Amino acid sequence: MNVIGEIVSWSLMASGIIGIILLLRVLLKGKIQRSLIYGLWIVVLIRLIIPVLPSSKISIFNLFDTGISSVRLNTSNASNLQEEVLLEAEFSPEKDIIITTANEESGQAMKVEADMFNNNSPLRNSLLSETVSLILLLIWLLGSIMVIGYFGYGYCKLKKELKGAEKVTDEKILIYAQQIKEKVHIHADISMVKGKYPMIFGFLRPIICIPEGFSIEEVEMMLYHELIHLKYRDNKVTYLQILAVAFHWFNPLAWLAMKLMKEDMEIACDERVMALGVNRKQYANTLLNIVFTPKNQQYLVQGMGENPNHIKERIIKITMFKKHKLGVSIIGGLLLVGVILVCLTNAIPKKDGGAIPSAQQSNKDTNETTKLPGANNIAVFGLDADGTRTDTIFVVNFNDHQDEVRIVSIPRDTKIEWDEEQSNLLKPESVSVSKIGEMYAYSQGQYIEQLAVKEIEEMLNIQIASYVIIDFTAVEKTIDSIGGLELDIPQDMYYRDSAQGLNINIKAGLQQLNGSDVLGVLRYRKGYINGDVGRIQMQQYVMSTFLSKILNDGDISTITASALEIIKGVKTNINVDDITYYIKLVMGIDTKNIQFYTIAGEANSQEGRSYFYPDMDKNLTILNK
């Protein structure tokens with residue numbers, strides 16, 4: 001395997017994406033929020049860090065003759081001969097050499113003249129190329145180690161300095177910090193120490209440094225800036241940038257991209273602070289005062305006054321700041337989604353001059369318009385805290401002819417009976433009767449299609465094309481990415497369960513809730529008169545509010561900015577092409593045409609266990625009207 005060829009191919013593809021983003025940055029600068037341009041750099045960062053990405057028909061690399069699988073250094077060609085040569089060789093300078101190859105199924109031998117081992121022989125050239133590849137690989141590794149070592153030394157040095165720093169005890173500063181944390185929805189405890197200049201340092205347990213000698217108003221501005229960095233996890237992005245340049249230290253475009261990304265990160269942070277309504281003049285003056293304070297520059301931190309050479313543009317942006325119109329935000333968000341789809345996928349590998357058909361397309365005419373099998377039904381499973389049971393289950397049905405969406409909820413206690421085929425998939429025990437929410441746990445997170453999806457198909461008399469499994473972390477991040485939800489809570493919700501990490505304490509009434517609180521509402525089980533059905537109705541109310549905010553307010557840009565992080569909590573069999581198809585359907589749907597249902601049935605107990613008994617006859621008609 002020609003590793004160095006793979007590395008160069010990887011870097012070349014990333015360079016192509018960097019070129020695209022540089023062009024977009026020039027064209028869009030001043031026209032859309034800098035946070036969206038910063039989001040474009042996130043695409044570059046992913047390309048620089050992850051060498052292998054999925055293939056799709058919409059990848060920009062399909063425009064070129066070769067994809068990632070075919071862009072290689074020529075040194076790999078010479079090594080192919082070595083891999084084919086096997087087993088026998090009678091060597092004599094005066095004799096022909098008989099070599100048996102792995103490709104000779106007929107058992108015949110092929111003759112290779114003795115001069116194959118002369119100075120111009122393929123085998124000798126192959127050995128030479130392998131030696132060169134090994135040397136280049138060692139050089140690449142050495143360069144990567146040096147980059148990581150350089151930044152690692154700076155990290156350890158700064159950590160040592162901060163270890164003995166005095167903690168901030170000024171009550172006014174602590175009150176300001178708490179108020180700003182609540183305002184931007186940060187719930188974690190954060191250490192604050194006295195330092196030479198304002199910054200946030202650290203990956204898992206970040207520390208905020210507050211310098212002395214500044215007024216309380218200036219300290220407030222510093223706190224806004226550093227806490228916004230923390231909210232959007234810019235401190236973590238910085239360490240990923242170091243990893244990116246460590247992988248691609250030989251590529252000047254990688255260094256340029258990370259430098260510009262750092263600059264756009266700071267302006268994006270300024271914009272987000274301005275959007276909170278802080279005093280622009282005070283913020284700008286604080287920034288100027290910090291910039292002219294003597295200090296050592298550190299790449300490992302997010303500091304309000306980094307890079308004095310960049311200060312002019314930041315001050316202009318601050319003084320001229322105004323919120324972008326909704327239409328501009330939507331266009332910018334859609335652009336970011338498009339860039340993600342075309343730049344974070346690879347070309348479909350070529351074979352015999354054409355694309356290798358996917359399993360879904362293998363029996364289709366390549367010119368035929370793709371239609372998703374099984375109508376447009378998606379089964380969605382929400383995992384509980386320990387990631388074993390599917391605590392929330394519903395089916396999303398798209399009707400593209402009537403521009404409708406039907407969402408059908410299925411109680412997690414719905415009683416099901418295992419057939420023999422399903423029982424054979426179980427680990428480590430066998431059962432005949434269970435709840436649908438437990439199937440995922442019994443199979444240890446496997447066979448979702450053969451188990452729960454199959455049960456839903458039979459229950460609703462439908463064919464399900466796709467499934468999505470999402471954990472609670474992804475739900476919380478999704479809600480936070482759109483600024484929370486305004487919900488009218490019908491009753492006080494109080495519930496504690498240390499085993500599940502539940503700490504729900506939400507008062508009744510209309511209120512703005514962040515992701516953590518909305519998650520508490522979704523998970524709350526006690527106090528509903530009609531049991532789990534009541535809980536499902538509350539979940540449907542939350543989903544309806546969420547969809548209304550997305551489709552009516554058009555708050556797409558914020559969602560796409562956090563989509564890359566949210567997707568970590570999702571497991572699905574939906575491919576990129578189908579995602580674009582669903583997005584198109586959703587964007588054209590009026591919220592009035594989104595209908596919620598719960599399967600028919602009744603709750604009862606059997607042998608000390610509560611079950612929901614579905615009415616099979618009534619349920620067959622829910623999605624078949």
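Predicted model: local features only at pLDDT ≥ 70, side-chain atom pairs only at ≥ 80, totals over all residues.
A cavity here is a set of points where a 1.4 Å probe fits but cannot get out. Keep that in mind for later, as this report comes back to cavities after a quick tour of the chain.

**The chain as a whole**

Let's start with the big picture. The chain has 625 residues, and 46% of them are buried. If you take the contacts with a separation of 6 or more, 68% of them are between residues 24 or more positions apart.

**Two helix pairs**

Next, a look at how some helices sit against each other. Helix α7 covers residues 234–247 and helix α8 covers residues 252–275; their axes come within 10 Å and cross at roughly 170 degrees. Angles over 145 degrees count as roughly antiparallel, so α7 is roughly antiparallel to α8. On the α7 side, the contact is made by D234, V237, T238, Q241, A244 and V245, and on the α8 side by A254, W255, M258, M261, K262 and M265. Sorted by class, the residues of this contact are eight nonpolar, two polar and two charged.

The second pair is α9 (residues 280–291) with α10 (residues 311–319), whose axes come within 9 Å and cross at roughly 170 degrees. That angle makes α9 roughly antiparallel to α10. Which residues in α9 and α10 meet? From α9 come R280, Y283, A284, L287, L288 and V291, and from α10 come I311, R314, I315, I318 and T319. This contact of α9 with α10 has eight nonpolar residues, one polar residue and two charged residues.

An α-helix has 3.6 residues a turn, so residues three or four places apart point the same way. You can look for that spacing in the α9 list, which includes R280, A284 and L287.

**A helix with buried residues**

Helix α15 runs over residues 472–481, and its buried residues are F472, A474, T478, I479 and S481. After α15 comes G483, which has a positive phi near 85 degrees.

| Residue | Loop | Relative accessible area |
|---|---|---|
| H185 | between α5 (171–183) and β4 (191–195) | 30% |
| N461 | between α14 (449–460) and β15 (466–470) | 47% |
| I58 | between α2 (34–49) and α3 (75–84) | 29% |

H185 has a positive phi of about 65 degrees, although it is not a glycine. N461 is likewise a residue other than glycine with a positive phi, near 60 degrees. Leaving aside residues up to four places away in sequence, what does H185 touch? K231 and N514.

H185 and I228 are 43 residues apart in sequence, and their C-alpha atoms are 10.0 Å apart in space. For I58 and I348, the separation is 290 residues in sequence and 9.1 Å in space, again C-alpha to C-alpha.

**Back to the cavities**

Now for the empty space. Rolling a probe the size of a water molecule over the atoms shows where empty space is left. How many cavities of 30 Å³ or more are there? The count comes to two.

The second largest cavity holds about 40 Å³ of space. Its lining is made up of D391, T392, I393, I410, P411, R412, D532, R535, I536 and Q539. Two elements give two or more residues to that lining, namely β11 (390–399) and α17 (532–553). Which of the elements gives the most to the lining? That is α17, with four residues. By class, the lining of the second largest cavity has four nonpolar, two polar and four charged residues.

Notes
Residues numbered from 1 in each chain as written. Heavy atoms only, no water. Axes fitted to C-alpha atoms, helices over the stretch in contact; angles between N-to-C directions. Parallel < 35°, antiparallel > 145°, perpendicular 65-115°, else oblique. Contact = heavy atoms within 4.5 Å. Nonpolar A, V, L, I, M, F, W, Y, C, P; charged D, E, K, R; others polar. 1 Å grid on protein atoms, 1.4 Å probe; cavity = no way out; pocket = protein on both sides within 12 Å on 5 of 7 lines; lining within 4 Å. Points joined across faces, edges and corners; volume = space filled by probe spheres on them. Buried < 20%, exposed > 50% of the residue type's maximum accessible area, 1.4 Å probe, protein only.
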